[in-house]
Amino acid sequence: MKKIRTGIMGGTFNPIHFGHLLLAETAFYQFNLDEVLIMPTKNPYYKKLSNTVTEEDRVAMVNLAIRDNEHFRLSMEELNRDGPTYTVETLANLTARHPDHEYYFIMGADSLYHIESWRETEKILSMAIILVADRGSGTSSSLMSQIEYITDKYDADIRLLKAPFMEISSNDIRRRTGAGESIRYLTPGEVVDYINDHGLYREDTA
Ligand code: NAP
């Protein structure tokens, strides 16, 4: 039986922006996916969240950003789980509940460079195909070497995602907001309005 091809675009999404959305949209078409789960992390133990943002804010911004895209779906999989968020647990839970799905984990190049520091790397790579985009953090040849290294070491299935590079980061959006600069055209207009209406990131300087 043909499996349902499900992309997972995981992220802190603090806030979500056009770089994330374009990555997920490109993955959907390039790999003929049936759907993409946009999955906010609960507790990214490896980074500090802005003091002015709540989980509800991050979810509300994701909802606003994806509501006009019929193949994107908000997933509360990680937000509904307590404790630090580990991708291995997410994939184990999803594959146990949905054996008829095949999972494609979408990520930028930096995540692939760090994946060996994630909990149970080998198990993650046995449960999902990795779609990785070069976001300009390294040359393509260094990314290709990393793909080759991880593939050989873990017998992983890693495929190159050909997404246009957009120099946008959540960190820069927070910094600009804190400095009173415009964030228009970096994230959908509804997200810009949400940030302004709720006074998010006003204290952010870095
Ligand atoms: P994030 O900062 O919100 O970013 C989400 C993804 O979007 C990352 O893969 C990032 O790529 C990519 N991205 C950001 N800006 C982009 C742009 N302008 N163009 C193209 N791609 C862009 O989220 P995160 O905190 O890195 O987390 C990503 C996922 O990894 C989450 O699901 C998280 O739970 C998981 N994770 C798991 C572990 C673990 O299990 N131990 C540890 C760390 C992260 P880059 O990677 O290149 O920044």
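Please keep in mind that the model is predicted, so local features need pLDDT of at least 70 and side-chain atom pairs count only at pLDDT 80 or more, while totals for chains, interfaces and linings use all residues. Residues are numbered from 1 along each chain as its sequence is written, and side-chain values use heavy atoms, leaving out hydrogens and water.

Let's begin inside. In soluble globular proteins, nonpolar side chains tend to be buried together. A nonpolar core here is a set of buried Ala, Val, Leu, Ile, Met, Phe, Trp, Tyr and Cys residues joined through side-chain atoms within 4.5 Å; buried means under 20% relative accessible area, exposed over 50%, and partly exposed in between, with a 1.4 Å probe and protein chains only. The largest core has 36 residues, of which I16, V36, I38 and M61 touch the most other members. At least two residues of this core come from each of α1 (18-30), β2, α2 (55-66), β4, β5 (129-133) and α8 (189-197). These helices (H or I, at least four residues) and strands (E, at least two) are DSSP runs, numbered from the N terminus. Leaving aside neighbours within four places in sequence, I38 is in contact (heavy atoms within 4.5 Å) with residues including M9, F13, A24, V62 and F72. Another core, of 25 residues, lies apart from the largest one, and L91 and Y154 are among its members.

L91 also leads us to helix α3 (residues 87-97), where T87, V88, T90, L91 and L94 are buried. Their arc, taken from the directions from the helix axis to the C-beta atoms, is only 160°, which puts them on the same side of α3. The buried residues of α3 pack against β1 (4-11), β2 (35-40), β4 and α5.

Now for the aromatic rings. Rings of Phe, Tyr and Trp (its six-membered ring) pair if their centres lie within 6.5 Å; planes under 30 degrees apart count as stacked, over 60 as edge-to-face and the rest as tilted. The count is 2 aromatic pairs. F28 and Y29 are edge-to-face, because their centres are 5.0 Å apart and their planes stand at 85°. F28 is buried at 12%, whereas Y29 is exposed at 55% relative accessibility. The rings of F105 and W118, with centres 6.2 Å apart and planes at 80°, are edge-to-face. F105 lies in strand β4 (residues 101-108) and W118 in the loop between α4 (109-114) and α5 (121-127), so this pair ties together parts 13 residues apart in sequence.
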